Amino acid sequence: MKETKVLLEEFAAKKHQERLKEIYVDAAVLDYQNERYQEAIRKYEELFGPGEAALYSAAGRSEVGGNHTDHQHGEVLAASINLDAIAVVGKSKEPVIKLLSDGYPMITVDLSQLEKRDAEEGTSAGLIRGMAYGLKKNGHEIGGFQAYVTSDVLNGAGMSSSAAFEVLVGTILSGLYNGMSISPVEIAQVAQYAENVYFGKPCGLMDQMACSVGGLIHIDFADPEHPIVEKVDVDFSAYGHSLCITDTKGSHADLTDDYALIPQEMKKVAGFFGKEFLREVDAEEFYKNVSGLRKECGDRPVLRALHFFEEDKRVEQEAAALKAGDFQGFLNTLQESGDSSFKYLQNIYTNKDVQNQSVSMGLAISDTILPGHGASRVHGGGFAGTIQAFVADDFVEEYRQALDNLYGEGSCHVLKVRPYGGIKVLD
């Protein structure tokens, strides 16, 4: 830890530019990040006074491959991005966590009372209490701290702002009380537990794992209790490409049924074979029985199951291409993934309102201008929300302008894949 006065002086002198470049990858954002950290330290001083403090960060994430496969125990590719939640943290002698997130009231959590509280469901206090309970249950030390948190992870854009917050709290407790010895995988698993049990939201493990581990990761959920997590070492900047996430401005209202029907219909196909999840079904048996499946389940469940089996293969193909240095092969497979989501998974627009197809429009414009410059696909759950594209750096500005012209200024966010998940910013 360092005195906040010293931290402010060091950032003002741009002493940590190289470290910021390591974390955020993009030289164009270094001045912004430098000012952001200084402002966060000043806010911390206003709240808690000057004193010793440490800096922590947890990344947002982007789903790269494996659209709607995790809930069927499939495989996914996910990456941490250079939008994150950061915290200025001071250690407390009292067993109490006091945390203020920018724009929200102060949260106080008494660590002597870690049992779940129904009144805290859906709240950040519930997430903090759940993280503390989960880490303590796993045999780790926990203790009090005071923190100011600010995040530029976009809410509602499929970048997992809640998972970044959970991972941030877990990383702080790992740093302050466990010498940063708690593995990123364990922090992610505890974060999923906190969100499922204390926050009251069922979710898979992909979001937390990508935010915590960092870089590009390949996750196999064949055994959800013990997922296989492989870090795929790849430097996207070396291939001269940026990740563009575009908000298509569609409304998520009244889409709950659309989202719920995807796993329901996939499980209906699995049930035909006496299984609960598609991962348990042999792909050859599926294709042999397509005719019977159509009669028993209907066409759309069969098409969605077909997407699952082929998407699992594509995840492995994407990972293999990147390991082999075949970036164009990766882009080609990513485009195939997007096409499959559109044609077979059918999560690009709701058939309850076919005149509003905001995601379709973004993909159509991308298909028109991106050939030779990158690849695009739906991002996340679909039906509304965001699309994703990997775009050549020398074409990024043209792509951004085209998407901003379609949806409005600031809709297209140009990002980088960062190599770190949950970290202590300065040693």
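At what angle do helix α10 and helix α11 pack? The angle is about 130 degrees, and the axes lie 7 Å apart. Axes are lines fitted to C-alpha atoms, for helices over the stretch in contact, and angles run from 0 to 180 degrees between N-to-C directions. Angles under 35 degrees count as roughly parallel, over 145 as roughly antiparallel, 65 to 115 as roughly perpendicular and the rest as oblique. α10 and α11 are therefore oblique to each other.

This is a predicted model: local features need pLDDT of at least 70, side-chain atom pairs count only at pLDDT 80 or more, and totals for chains, interfaces and linings use all residues. Residues are numbered from 1 along each chain as its sequence is written, and side-chain values use heavy atoms, with hydrogens and water left out.

Helix α10 covers residues 290-297 and helix α11 covers 299-323. Helices (H or I, at least four residues) and strands (E, at least two) are DSSP runs, numbered from the N terminus. From α10, the contact (heavy atoms within 4.5 Å) takes V290, L293, R294 and C297. D299, P301 and V302 come from α11. By class, 5 of these residues are nonpolar, none polar and 2 charged. Here Ala, Val, Leu, Ile, Met, Phe, Trp, Tyr, Cys and Pro count as nonpolar, Asp, Glu, Lys and Arg as charged, and the others, Gly among them, as polar.

Next comes a sheet. It is open, with 4 strands in the order β10-β11-β9-β12 and antiparallel pairing. Two strands pair if DSSP finds at least two bridges between them. β10 (374-379) and β12 (412-415) are the edge strands, each pairing on one side only. From one strand to the next, the twist averages 20 degrees. β10 and β11 (residues 386-392) are joined by 6 bridges. Within this pair, A375 stands opposite F390 of β11.

Last, the lining of the largest cavity. V25, F236, S237, H241, S242, L243, K416 and V417 form this lining, each with an atom within 4 Å of a cavity point. A cavity is a set of points on a 1 Å grid over the protein atoms alone, where a 1.4 Å probe fits but cannot get out. The lining divides into 4 nonpolar, 3 polar and 1 charged.

Methods:
1 Å grid on protein atoms, 1.4 Å probe; cavity = no way out; pocket = protein on both sides within 12 Å on 5 of 7 lines; lining within 4 Å.
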